[in-house]
Amino acid sequence: MSSRASSIAHMCGIAGYSFHPASRIDRTLAAQSLLAGIAERGADAAGYAYRGEARSLSVHKQRSGASALLERIAIPTDVTQALLHVRDYTKGHPRIEANNHPVRHGALKGVHNGIILNDEEIFARHGFERHEPEMTVDTEAILALVDKLGPCAEALEELRGSMATAWFDEREQDTLYIARGVGRPLWVGEGSSEVFFASTKQALEVVERYLGVKLRKRELPEGILVPIVGGRRGKATRFRPDRAFEETPLPAVRAPEEGVTCLRRLATIAAAV
């Protein structure tokens with residue numbers, strides 16, 4: 001019998017972008033393209049957040065699939081960073097809004113695909129308090145560690161479970177961070193003055209199709225943390241993710257009807273832009 005801890009897998013979808021301020025990419029259409037690209041990965045909740053050089057963080061989330069949010073997305077032209085998420089939840093019921101993504105802890109707002117198995121242990125060990133008392137979502141442990149220790153290997157190596165994640169830090173206005181642990185994909189697509197990321201290569205291909213851009217696409221390796229500033233990747237930090245767990249695999253496509261509906265609507269939206 002294996003001594004490794006086990007869990008039930010879940011497959012959320014994460015995505016986002018960082019633009020140089022001079023980029024002429026339509027900010028709203030970029031977010032809609034990414035959301036449509038990840039829509040099939042969950043339908044329990046959907047949300048997005050954005051900010052710019054002179055614009056404070058704005059967050060929008062709702063308990064629905066992406067199809068109910070897609071046409072409501074509106075992002076100002078001076079925005080340079082965005083995060084998007086669709087949720088297929090395991091821990092942290094979506095009826096509590098604070099459990100839905102983007103999630104806040106301290107100065108951080110972030111999104112996560114995967115499951116953190118030792119979140120309660122982390123909160124107890126460090127004496128962390130939940131951002132809101134009723135929160136139970138495991139994602140908050142990632143943000144709590146980074147809020148305290150900074151974006152470093154030490155913080156991410158405390159986590160046990162599967163993870164692809166991204167966050168903003170209010171103390172670093174120009175930087176968006178992405179990180180991949182184990183068990184979850186994370187793809188990056190780089191343009192001339194833009195960086196996009198998403199759970200799947202297919203989501204980046206949706207961006208190319210509807211924004212008319214050509215991206216250099218690659219899957220990030222496991223155990224990597226990458227800062228993105230002004231549409232450019234910064235120097236990566238490697239870390240050693242804990243692999244001592246097992247997951248019961250589930251299909252990555254959790255809400256196929258959401259994906260089909262969103263892509264159909266996106267085609268109509270893009271034609272009208």
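The following paragraphs lead the reader through selected features of a predicted model. Residues are numbered from 1 along each chain as its sequence is written, and the side-chain values rest on heavy atoms, with hydrogens and water left out. Because the model is predicted, local features need pLDDT of at least 70 and side-chain atom pairs count only at pLDDT 80 or more, whereas totals for chains, interfaces and linings use all residues.

The account begins with helix α3, which spans residues 139-149. Helices here are DSSP runs of H or I with at least four residues, strands are runs of E with at least two, and the numbering starts from the N terminus. Eight of the 11 residues of α3 are buried, so the helix is largely enclosed by the rest of the structure. A residue is called buried under 20% relative accessible area, exposed over 50%, and partly exposed in between, with a 1.4 Å probe and protein chains only. The buried residues of α3 are T139, E140, A141, I142, L143, A144, L145 and V146. Their cover includes strands β6, β7 (108-116) and β8 (161-169), together with helices α2 (119-126) and α4 (153-156). After α3 comes G150, whose phi is positive, near 90 degrees. In general, most residues other than glycine have a negative phi.

How do helices α2 and α3 cross, and how far apart are their axes? Two packed helices are described by the angle between their axes and the distance between the axes. The axes of α2 and α3 come within 9 Å and cross at roughly 30 degrees, which makes α2 roughly parallel to α3. Axes are lines fitted to C-alpha atoms, for helices over the stretch in contact, and angles run from 0 to 180 degrees between N-to-C directions. Angles under 35 degrees count as roughly parallel, over 145 as roughly antiparallel, 65 to 115 as roughly perpendicular, and the rest as oblique. The crossing of α2 and α3 is left-handed; this term applies if the near helix is turned anticlockwise from the far one by less than a right angle, and right-handed applies if it is turned clockwise. D119, I122, F123 and H126 of α2 make the contact with E140, A141, A144, L145 and K148 of α3, where contact means heavy atoms within 4.5 Å. By class, these residues comprise five nonpolar, one polar and three charged. Ala, Val, Leu, Ile, Met, Phe, Trp, Tyr, Cys and Pro count as nonpolar, Asp, Glu, Lys and Arg as charged, and the others, Gly among them, as polar.

The next topic is charged pairs. A search of the whole structure finds 19 salt bridges, each being a side-chain nitrogen of Lys or Arg within 4 Å of a carboxyl oxygen of Asp or Glu. One of them joins R180 and E219, whose closest N and O atoms are 3.6 Å apart. This pair links distant parts of the chain, since R180 lies in strand β9 (residues 172-180) and E219 in strand β12 (residues 216-219), 39 residues apart. R180 is buried at 11% relative accessible area, whereas E219 is partly exposed at 35%. Another salt bridge joins R216 and E190 at 4.0 Å, N to O. R216 lies in β12 and E190 in β10 (residues 187-190), so the pair ties together parts that are 26 residues apart in sequence. Of these two, R216 is exposed at 52% and E190 is buried at 18%.

A46 is buried, with a relative accessible area of 1%. The C-alpha atoms of A46 and G65 are separated by 5.8 Å, although the residues are 19 apart along the chain. Not counting residues up to four places away in sequence, A46 touches residues including L69, H85, V86 and H101. H101 is joined to P102 by a cis peptide bond, with omega about 0 degrees. Most peptide bonds, by comparison, are trans. P102 itself is in the loop between β5 (79-87) and β6 (103-105).
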